[in-house]
Structure formats: structure tokens, C-alpha cells
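This report sets out computed features of one protein model.

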Amino acid sequence: MENFNILVVDDEPGIRAGIKRVLRKFTVDYPFMDDEFGFTVDEAATGEEAIEKLKTHTPDIILLDNKLPGIQGIDVLEYITENQIDAYVVMITSYASLDLAVKATKHGAFDFVPKPFTPQELRSSIENVSKQLFLKRMTAKMHKEGKQIRFQFLSLLSHELKAPLTAVEGYLRMMQEKSAGENIDDYMKMISRSLDRIQGMRNMIMDLLDLTKLESAKKQRSIEQCNLTQLADNALATMQPSAIQKDVELILNANENVVLTADPEEIEIILNNLISNGIKYNKPQGKVFLKLEENEHNVKIIVEDTGFGISDEDQKQLFKEFVRIKNDKTKHISGSGLGLSIVKRISDNYQAKISVKSELEKGSVFCITFLKTN
Ligand code: ADP
């Protein structure tokens, strides 16, 4: 359970103790919260003491009595606003006057509790503030994460796409200037290296597009009875050119009409990513087996390869965005580190389970288990 910190500023010890008692076991939860929130209460008997405390610690909520022995609650509120202290203030007002209400609102008070108040009135005001606080925190978090992801996208784009562009441009210039002399084979090598780099860029752009599609609210999912065998066949055909290039054999092992209730576009993305990894992280003369298994409860997509394998330690990192496992074998292989995170996102949409078994030098098996809905 998370906690919100409350600072109670009131000169009457009885009120402070009463508030503590009411809030000690009070919790709030809303359907949109993962967890419920409780409260820890700190206290100050004067405005001066409150300000001292605020210099070292910012509570989430301040319950502030206006009528205090020294400086008044409204002065403390002014201090809070001037110093941009990020706390929600609820004013406690003995003589609820319109003047004070207007003044306090101008200075950013969030709510009022007229004195004397019942425990229920206190709880309902605190509940209100907590909801705001929670939403504010969530928004800030999403904002931060969104920015972080955008930043990663940009650095990825600028680095991973700029490098191949520079390389292709370099090869083209060398060809334009006939810098390799008259030997046509040297130019052929330049062309094939350029094509490799362009393929790498294409894969990366496809990953980014897949991710954008998944994130865009505009994409309408169209769930239907898909012929999974057909989708698997198509995916293998799409991947055949890169398999040939890497000298990897693709093998389908499936009954003719395996059916899965899903959005065919999403299943295509899963298949393409898993098969393409099986090819990319494989050895010459390696194999990629695509198996479809079905029983009365579930349908499994299994992609098995005879490639480099992934260590137990590295397996823990898989499926997170932008994770790439760098070692001697993989360092020259281009990728965005997005493919498996996309596979995971889509699988999660179907509550499908992903499992990985892998052994270094032997190969990897990725299995996605879809529960049958009927
Ligand atoms: P990308 O391939 O674009 O780097 P992925 O998210 O598809 O991104 O994969 C993340 C990392 O996991 C890869 O960089 C690679 O090191 C490792 N990986 C994925 N699939 C395999 C596989 N079949 N065999 C070995 N390593 C793999």
C-alpha cells in the first residue's frame, strides 16, 4: 500500500490528535488505482513551525487551520504558493467567510473544511484530494515515460538510420567516381553491401511502424477466425529472401487448417518478428522450424532455431523495449530492439503466454500459447 503524507497545521492539540485518529486507518481506492492509498500524518502547532517543516520536507496534503496564534493560515498559504511547494492545501476555517474563501482560492487552496467538522466530512475532503493527487501523479508518470520513449526513438532513429544512410551514400559516391577502377566485381560488392544496409533500415522502419500502429488509438482491431496455417505460410514466403541470403532453411510443421480467433495483422507481426529473429541470429546452414500445435484448449505458435542461443541472464531482459543483446556474434547484426517487445504487447492483448527456452550455441525456442475462447 502506498501512502500520502499529510501535514496538519492547527494550534489545538485535540484537533490534531482527532485528525490523526480519523486518518490512521483510513484508506482510499478507486477502480482505476492498482493499489489502495493510506495516510501518514505529521503535525505543526503554529504557522511558523509549519514553514520550518516545509523547508525540509514537502507533504502531499496540508490541512491548514486559518486561525493560528502567530502568522495566520492564509500567510502560510501565501508562503506555499510563493515557494511553489507542490502540495494540495485544504483550509480549515472556523469562521467560514466568503472573503477568506476567495482569498484562499486565489492563493491556490484546493478545498475547505469548516470547523467543527465530522470525521466523515474530513474523510470525504481527503478522499477528494487524494483522487486529484493520484491522477496528477499518474499523468506526470505517463508524461515522463512518454518523453523517455520518444527520446529513445529519436536517438535510435538518428543513430541506427544515419549510419546505414552514410554507408550507402559512401558506396554510391565511390561508384560515381569509379574509385575502384575498372574491376566490376568490386562494384558488385558495394552494391550488395548497400542492399544489406537498406534491408536493415527497412526492418527497423517496419518495427517502428508496427509499434506506432499498436500505440495508435486509430487502429481498429478486427478479430476473426484466421487460418493460422495460411498466415504461417505467407510469413515464411515473406522471409524466404532473407533466409536464402543467410543460408538458413525455413521449415513449416503444421496441420492444414489450424484456426485462431485473432486479428490477422497482429498475428502476422508476431510471426514475422519471431521468424526474422530465428534467421538473423542463426548460423550458416542453420534451420528455423515454425510449428503450429493445436488441442482442444489452446493453439501454440512455436518458432525454433538452431542459432546462437541466449544466455539465462540475457533471457531476463528480453521483451523490453530497445533491449538488444550485444556480444561478438550479434554486434554486426542490425535491429531496433523492438521486435520482441512488440510480440509481447500483442500477446498480452490476447492473454497469450510467451515462453523461451534457449541454450547458447544450440538455439532458441519461442512459444506463444493462445487459449481458445470457445
Ligand atoms: P532486434 O532483433 O531488433 O534487436 P528483438 O526485440 O527482436 O530486437 O530482440 C532483442 C534481442 O534478443 C536481439 O537483439 C537478440 O540479441 C536477441 N534475440 C532475439 N531473438 C533471438 C533468437 N532467436 N536467437 C538469439 N537471440 C535472439
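## Backbone geometry

Q285 is placed in the loop between α8 and β9; helices (H or I, at least four residues) and strands (E, at least two) are DSSP runs, numbered from the N terminus. The model is a predicted one, in which local features need pLDDT of at least 70 and side-chain atom pairs count only at pLDDT 80 or more, while totals for chains, interfaces and linings use all residues. Residues are numbered from 1 along each chain as its sequence is written, and side-chain values use heavy atoms, with hydrogens and water left out.

Although Q285 is not glycine, its phi is positive, near 65°. Q285 is exposed, at a relative accessible area of 66%; here buried means under 20% relative accessible area, exposed over 50%, and partly exposed in between (1.4 Å probe, protein chains only). E361, also a residue other than glycine, has a positive phi near 75°. It is located in the loop between β11 (353-359) and β12, and E361 is partly exposed at 45%. A further backbone feature is the cis peptide bond between K115 and P116, with omega about 0°. P116 belongs to the loop between β5 (111-114) and α5 (119-176).

## Domains and nonpolar cores

The protein is divided into domain 1 (2-141), domain 2 (145-216) and domain 3 (223-371), with bounds that come from an automatic or database domain assignment. The centres of domain 1 and domain 3, taken over C-alpha atoms, lie 54 Å apart.

The largest nonpolar core has 45 residues, of which I267, I275, L290, I301 and F370 touch the most other members. A nonpolar core is a set of buried Ala, Val, Leu, Ile, Met, Phe, Trp, Tyr and Cys residues joined through side-chain atoms within 4.5 Å. Elements that give two or more residues to this core include α6 (184-215), α8 (264-280), β9 (287-294), β10 (298-305) and β12 (363-371). At least three of the core residues come from each of domain 2 (145-216) and domain 3 (223-371). Not counting residues up to four places away in sequence, I267 touches L228, L231, L260, A262, I301 and F370, where contact means heavy atoms within 4.5 Å. A second, separate core comprises 23 residues, among them L23, I92, L122 and F134.

## Individual packing sites

F26 is positioned in the loop between α1 (13-24) and β2 (37-44) and counts as buried at 13% relative accessibility. Beyond four places in sequence, F26 touches F37, G38, F39, R123, I126 and E127. F26 and R123 are 97 residues apart along the chain, yet their C-alpha atoms are separated by 7.8 Å.

Together with I184, I191, L195 and I198, M188 forms a nonpolar surface patch with about 450 Å² of accessible area. Such patches are made of residues with over 30% relative accessible area and no salt bridge, like charges being joined within 9 Å and nonpolar side chains (Val, Leu, Ile, Met, Phe, Trp, Tyr) within 5 Å. Accessible areas come from the Shrake-Rupley method with a 1.4 Å probe, and for residues only the protein chains shown count as cover.

## Salt bridges

The structure holds 18 salt bridges, each defined as a side-chain nitrogen of Lys or Arg within 4 Å of a carboxyl oxygen of Asp or Glu. E43 and R16 meet in one of them, at 2.7 Å from N to O. E43 lies in strand β2 and R16 in helix α1, so this pair ties together parts that are 27 residues apart in sequence. E43 is partly exposed at 25%, whereas R16 is buried at 12%.

D42 forms a salt bridge with K53, their closest N and O atoms being 3.0 Å apart. This pair links strand β2, which holds D42, to helix α2 (residues 47-56), which holds K53, across eleven residues. E304 pairs with K291 at 2.9 Å between the closest N and O atoms. Because E304 lies in strand β10 and K291 in strand β9, the pair ties together parts that are 13 residues apart in sequence. Finally, salt bridges that share partners join D10, E12, D65 and K115 into one network.
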